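Reader: Hello! Could you show me how to read packing in a protein model?

Author: Gladly, let's look at it together.

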Amino acid sequence: MNLIVVTGASGVIGRHLISQIPRDYLIFGIDQSINSLKDTPNIVYANTNNWKNKYKKLVNGNQEIRINALYLLHGEHEVGSDLEDETLTFTKVFQSNFDWSVRYYRFFCDYMSNGAKVILLSSIVTLSPLPYSSFYSASKAAIETYLVSQQRKLSNRGIKLIIFITGNINTGF
């Protein structure tokens, strides 16, 4: 069975991606709020509290179910964090953009098929940081660096890492 995992599935980019995936793929979508996913066909959705258990229940030891692609689309941005409560903002941004990405990657790699893809949605701020986005810039650079450092492990199984470095995207944020 063809399976695609999408984090940040209920965001603008996640919903658009899901709408483009052929119906013969099963989608496992993860997000903090999953209400917008409930009426989507061919999707099993989970929130950030129950994703591991829900995935294990979906697979239920079936070795035929393998992940063809892992899309890491989730993220947290800060606005003016350099001026306000830096500790809280740092924790929130790094937990979402780095810590959760590592957790998802490490868990789902064991379930990926040979030749699968890991796709990270990153940002131009990793190359040209902006004022008042220092934590966001650093967290995106950190996850890029982490995944690139894991590339050797991935390539042994033919798994490819793709990093999209985008400019400003209007996501309604």
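Reader: Which residues does F28 touch, not counting residues up to four places away in sequence?

Author: A contact means heavy atoms within 4.5 Å. F28 touches L3, I4, V5, V6, V44, A46, W51, K54, Y55, L58 and F108. This is a predicted model: local features need pLDDT of at least 70, side-chain atom pairs count only at pLDDT 80 or more, and totals for chains, interfaces and linings use all residues. Residues are numbered from 1 along each chain as its sequence is written, and side-chain values use heavy atoms, leaving out hydrogens and water.

Reader: Which residues touch the most other members of the largest nonpolar core?

Author: In soluble globular proteins, nonpolar side chains tend to be buried together. A nonpolar core is a set of buried Ala, Val, Leu, Ile, Met, Phe, Trp, Tyr and Cys residues joined through side-chain atoms within 4.5 Å; buried means under 20% relative accessible area (1.4 Å probe, protein chains only). Here the largest core has 30 residues, and F28, W51, Y55, F108, M112, V118 and L147 touch the most other members. Helix α3, a DSSP run (H or I, at least four residues), gives the most to this core, with seven residues.

Reader: How do α2 and α3 run, roughly parallel or roughly antiparallel?

Author: Axes are lines fitted to C-alpha atoms over the stretch in contact, with angles from 0 to 180 degrees between N-to-C directions. The α2 and α3 axes come within 12 Å and cross at roughly 20°. Angles under 35 degrees count as roughly parallel, so these two helices are roughly parallel to each other.

Reader: Which residues meet there?

Author: W51, K52, Y55 and K56 in α2 meet W100, R103, Y104, F107 and F108 in α3.

Key
Buried < 20%, exposed > 50% of the residue type's maximum accessible area, 1.4 Å probe, protein only. Parallel < 35°, antiparallel > 145°, perpendicular 65-115°, else oblique.
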